[in-house]
Amino acid sequence: MGTWNVIPVTTADYRRLAEKRLPRFLFDYIDGGSGDEISMGRNVSDLREIRLEQRVMRDVAEVTTRSTLMGEPVAMPLALAPVGLAGMYRRRGEAQAARGANRAGVPFATSTVGICPVDEVAGAAATPPWFQLYMLRDRGIVHAMLDRASQAGCTTLVFTVDLPVTGKRYRDDRNGMLGGGLRGKLAKAWQLASRPRWLWDVGIHGKPHDFGNLRGVVSGVNDLNAFKTFIDSQFDPSVTWSDIEQVRKRWKGKLLVKGVMCAEDAISALNSGADGVVVSNHGGRQIDGVASTISKLPVVAEAVDRRAEVYLDSGIRSGTDVVKAVALGANGVLIGRPWAYALAARGEQGVVDLLEVLRLEMANTMALMGVNRLQDLKPGMLETRGVCT
């Protein structure tokens, strides 16, 4: 059966459709990791290695996946992680994804380097998005973005701290996305020409193709080299916890620190005023060779000891993965690639449909484990076999 005859259900289904629809350099931007992509693979494989406890003859007539995240009631303990350039995957992609998340009853986090500005994203759905922030050298830009996010109604800030420098992502070099001279330009031209539906939907009707939150500061994504030059010049390797304390003073809403992979950093985040931490290795897009996030979740959750919320990011591909993360101490999870694949493949409706599958998978898994409530999920219900430290 051809790819286009398959009704997408799982994350893998949407990934295959996204690969068919997107120019290669954009698909690789979603799909790829740093270096040899070892850590990216471990994020997924280590989750798969965890075994569930099957229990029978339990009353599971009232299974619910409902919870709260950062004080917001949600249909399941899941939020859409910030993903850069989402407006290049589908026409005004961040706005479509925000509507899809809103329909599914979960939060959407919009990226600093999204195509749609935060106010456009906020206007697309009934519930304002979370806003993701990178610390840039130009603190004036940072302050302006924080003010804009606050004015748009955002109540949660996701402060990503694992990009003092960008990871080495070799797919971007191989496919001509970044440089490559004449060969790179020809490669990109061919990739664009081979995706006429994308050209019509995004290339022509998805404009403007600039970074909405950085409008007037950096040129549009038509010149990705200029974008990379700007990012490389603005990511600040001198940032320390004191800078987060300054953001905490300016930001009046909830604060999540994303990029924590050890107990010591989790404690430092809390001491700097964070309301929660996100255990994340940036989806394996930064340092290759680092441990999987699921393997580090238990030690971070133990260190936090319920004083703040703990989230898992990187590697989640199914509702069963969400159940595993919650059992190991997460209040919830963030997903990135899955929703980006679904958006690229089927737009807003694809996001809605995938999220419903994840919710049903969660409920089904809980029932077969003999559990009705998320609070009843415990580490003893899993066999980690050395995956978790």
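Which strands does helix α6 lie across, and at about what angle does it run to β6? A few notes on this predicted model follow.

1. Helix α6 (residues 139-151) lies across β6 (130-134) and β7 (156-160). Its direction is at about 180° to that of β6.

2. Those strands belong to an open sheet of eight, with parallel pairing and the order β4-β11-β10-β9-β8-β7-β6-β5. The edges are β4 (78-80) and β5 (109-110); each has a single partner strand, so one side of each is left without a neighbour in the sheet.

3. Elsewhere in the sheet, β9 (residues 276-279) pairs with β10 (residues 309-313) in the parallel sense, over four bridges. If you want a spot to look at, Val277 has Val310 in β10 as its bridge partner. Helix α13 (residues 293-304) lies across β8 (254-260), β9 and β10, and it runs at about 175° to β10.

4. Now have a look at Phe235, which sits in the loop between α10 (224-234) and α11 (241-250). Its relative accessibility is 4%, so Phe235 counts as buried, the cut-off being under 20%. Leaving aside neighbours within four places in sequence, Phe235 is in contact with Tyr134, Met135, Leu136, Arg137, Leu163, Pro164 and Thr166. Thr166 is 69 residues away along the chain, yet the two C-alpha atoms are separated by 8.2 Å.

5. Asp31 is worth a click too: this residue of helix α2 (residues 24-31) counts as buried, at 5% relative accessibility. With neighbours within four places in sequence left aside, the contacts of Asp31 are Arg15, Met40, Arg171, Arg337 and Tyr341.

How values were computed:
Residues are numbered from 1 along each chain as its sequence is written. This is a predicted model: local features need pLDDT of at least 70, side-chain atom pairs count only at pLDDT 80 or more; totals for chains, interfaces and linings use all residues. Side-chain values use heavy atoms; hydrogens and water are left out. Two strands pair if DSSP finds at least two bridges between them. Helices (H or I, at least four residues) and strands (E, at least two) are DSSP runs, numbered from the N terminus. Contact means heavy atoms within 4.5 Å. Axes are lines fitted to C-alpha atoms, for helices over the stretch in contact, and angles run from 0 to 180 degrees between N-to-C directions. Buried means under 20% relative accessible area, exposed over 50%, partly exposed in between (1.4 Å probe, protein chains only).
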